[in-house]
Amino acid sequence: MILSHPERLLLETVRGPQHRRQAAWEERRRLYPLPTFPNPASQLLCLVAGEWSEQGEERLRLRGILQHTWISNQSKLALVRKLGEEVIWLGDLALTLSCYQNPGHRPIQALEGWVPLERLASTSARLEREGYPALWRARGYAFHSCPKTNLPIRLVTRLLPNRPDRGIPDHHLQEGVPLLCGELLLLRLCLARPHNAWWLADLLTLVPQLSSLEVGKEARQQRAVLVVRRTITRVNRLGFVPLACDLRKLPTSPGEWLERSLGERGLAAHLLTLNHWRELPSGLWDYFQQWRRR
């Protein structure tokens with residue numbers, strides 16, 4: 001991925017090697033003063049405001065940024081708590097509450113939650129009663145918005161693309177909110193298409209908190225060893241604190257090697273069920289026969 005120069009300096013300040021952090025902060029102060037700090041890199045300022053102690057004369061302004069993010073996130077948490085435990089939250093909310101020291105360290109830019117397919121309609125209807133109109137519904141999805149803030153709210157029934165449902169996913173309660181477990185959050189990040197500075201910050205924050213053994217176990221079960229391995233390698237090439245999550249000894253399935261080119265298609269999901277390359281010809285033939293019958 002390509003980081004802008006101000007984004008890289010902010011991430012180096014809190015996620016770079018120790019010998020580089022102070023230098024990155026001083027370079028940022030010289031090149032990008034806070035009053036004129038460029039967007040969208042300015043979104044990362046709340047993370048620096050919460051975790052970097054050498055703030056000097058900029059302390060008051062950074063404290064204001066941190067407080068603003070915290071207040072904004074509290075309004076979104078209020079909605080989440082209204083829904084109780086019927087939704088398992090993913091994305092921004094789960095990452096913010098699970099990974100970061102304070103809810104003000106990361107902005108919640110959208111809400112995304114998982115519900116069983118049989119409860120999607122009732123949960124979506126409840127959101128409408130709470131004042132969040134539905135924008136679009138499809139099988140397995142419901143999209144809502146907040147009229148006051150345009151906050152996107154997405155309900156999904158499929159946790160990972162191309163993977164079959166496995167019942168209620170592993171989750172835990174934090175501040176009374178059901179959140180997806182860290183290993184599955186990591187898999188979702190690795191399988192995500194858009195890569196921005198917060199995607200990178202989330203990986204650099206989440207991975208050190210996880211057990212490589214548990215990550216490997218979940219990745220094997222979900223046929224995602226290759227995508228996790230590639231993502232960790234890609235992030236480590238950027239020169240931040242190295243992520244220690246070595247999955248090189250774990251076996252991969254044929255579908256994992258083809259998924260990136262096939263995308264979210266039925267063929268990709270079918271090939272992920274194969275265990276060995278020798279099964280590929282028969283797997284392709286089976287899928288072709290199913291396609292003909294449909």
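Visitor: How many disulfides does the count come to by the distance rule?

Guide: A disulfide is a covalent bond between the sulfur atoms of two cysteines. The rule used here asks for a pair of cysteine sulfur atoms within 2.5 Å, and by it the count comes to zero disulfides. Before going further, note that this is a predicted model, in which local features need pLDDT of at least 70 and side-chain atom pairs count only at pLDDT 80 or more, while totals for chains, interfaces and linings use all residues. Residues are numbered from 1 along each chain as its sequence is written, and side-chain values use heavy atoms, with hydrogens and water left out.

Visitor: How should I read the nonpolar cores, and how many residues has the largest?

Guide: In soluble globular proteins, nonpolar side chains tend to be buried together. A nonpolar core is defined as a set of buried Ala, Val, Leu, Ile, Met, Phe, Trp, Tyr and Cys residues joined through side-chain atoms within 4.5 Å. The largest one here has 82 residues, and those with the most contacts inside it are Trp89, Leu93, Leu111, Leu186, Leu200 and Val228. Helix 8 gives the largest share of this core, eight residues. Another core, of five residues, lies apart from it, and among its members are Leu262, Ala268, Leu271 and Leu274.

Visitor: Where does helix 8 run, and how many of its residues are buried?

Guide: Helices (H or I, at least four residues) and strands (E, at least two) are DSSP runs, numbered from the N terminus. Helix 8 covers residues 197-206, and because 10 of its 10 residues are buried, helix 8 is largely enclosed by the rest of the structure. The elements that cover these buried residues include helix 1 (5-15), helix 3 (45-51), helix 5 (91-99), helix 7 (182-191) and helix 10. At the start of helix 8, a side-chain oxygen of asparagine 196 comes within 3.2 Å of the backbone nitrogen of tryptophan 198.

Visitor: Which residues are in contact with threonine 205, leaving aside its neighbours within four places in sequence?

Guide: Contact means heavy atoms within 4.5 Å. With those neighbours left aside, threonine 205 is in contact with Arg15, Cys99 and Tyr100. Threonine 205 is found in helix 8 and is buried, with a relative accessible area of 7%.

Visitor: And threonine 252, where does it lie?

Guide: Threonine 252 lies in the loop between helix 10 (225-236) and helix 11 (254-262), and at 24% relative accessibility it counts as partly exposed. Leaving aside neighbours within four places in sequence, its contacts are Val225, Leu226, Arg229 and Trp257.

Visitor: How do strands 3, 4 and 5 pair?

Guide: Two strands pair if DSSP finds at least two bridges between them. Strand 3 (residues 134-138) and strand 4 (residues 141-145) run antiparallel and are joined by four bridges, and arginine 137 has alanine 142 in strand 4 as its bridge partner. These two strands form a hairpin with two residues between them, where glycine 140 in the turn has a positive phi of about 95 degrees. Strand 4 is also joined by five bridges to strand 5 (residues 152-156), running antiparallel, with six residues between the two in a hairpin.

Note on methods
Buried means under 20% relative accessible area, exposed over 50%, partly exposed in between (1.4 Å probe, protein chains only). A polar contact is a pair of N or O atoms within 3.5 Å; within protein, one must be able to donate a hydrogen and the other to accept it, and residues adjacent in sequence count only if both atoms are side-chain atoms.
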